[in-house]
Amino acid sequence: MDAVRLIGIGRRALAQSQDAPDIMREAWQAQALAQAIGSRLALQGPPELRGEAHALTEAGARGSGGSAIPVVGAGGIRAAQITELGDVQEALRDLGALLGDVGIALVAVASASFEEGAYWQCMESIDAADESRDRVLEILRRLPQWDSRPRRHEAEPGSDSAA
C-alpha cells in the first residue's frame, strides 16, 4: 500500500481515538510508519539524504520500540503494509503532519494522566515524535535541492553524444 494512504489511515485513526490507550497505540503506529518510511528512503532515496533517512529510521524505532509496545489491534502494524513510497514529498509532508498531531494528542494524554509512569511514557513518546518530525522536516528541506539538481541523461537515440 502507498505510504500516503497509510498515513491518511493513521491520521483518521488518531482523530477517532477516544482514550489514552488508543492515542498511545496510534502514536506507536505513527512512529512505526516513520521508521518504515525512513528505512525505504535510506534504501531507495538519493545518497545525499541517506544520513537523514537513517536518522528518521532510528527516531521512529525509538518511538515504536521498547517495553511499552501497545497491543496493536486487529489491523496489525500499518507500517508493515507499505509497498511503495509514492510521492516522496507528499508522504513526508503528511508524515510530518501526523507526527505533529501525535505530539498534540500526547500532550493532552500527559496532562490528564494521574499516574507518574504513564506521564513519563507520554513525555518520552512526545520527545520521539518531535525528533521524528524534525528529521522529516530536514529531509523535506533538503529534498528540493536534490529534486532540482541537474540530472545526467542518457543520449537520445540518433544523437551524436555518447552516454
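I looked up L95 and found that, leaving aside residues up to four places away in sequence, L95 touches I7, A30, L33, A34, I37, L56 and V136, where contact means heavy atoms within 4.5 Å. I note that this is a predicted model, in which local features need pLDDT of at least 70 and side-chain atom pairs count only at pLDDT 80 or more, while totals for chains, interfaces and linings use all residues. Residues are numbered from 1 along each chain as its sequence is written, and side-chain values use heavy atoms, with hydrogens and water left out.

I then turned to the largest nonpolar core, which has 40 residues, and L33, I37, L92, L95 and V102 are those with the most contacts inside it. Such a core is a set of buried Ala, Val, Leu, Ile, Met, Phe, Trp, Tyr and Cys residues joined through side-chain atoms within 4.5 Å, buried being under 20% relative accessible area, exposed over 50% and partly exposed in between (1.4 Å probe, protein chains only). The elements giving two or more residues to this core are α1 (3-16), α2 (20-44), α3 (50-64), α4 (88-112) and α5 (116-148), and α2 gives the most, with 12 residues. Helices here are DSSP runs (H or I, at least four residues), numbered from the N terminus.

Next I checked D94, which is found in helix α4 and counts as partly exposed at 22% relative accessibility. D94 touches V4, I7 and R11, not counting residues up to four places away in sequence.
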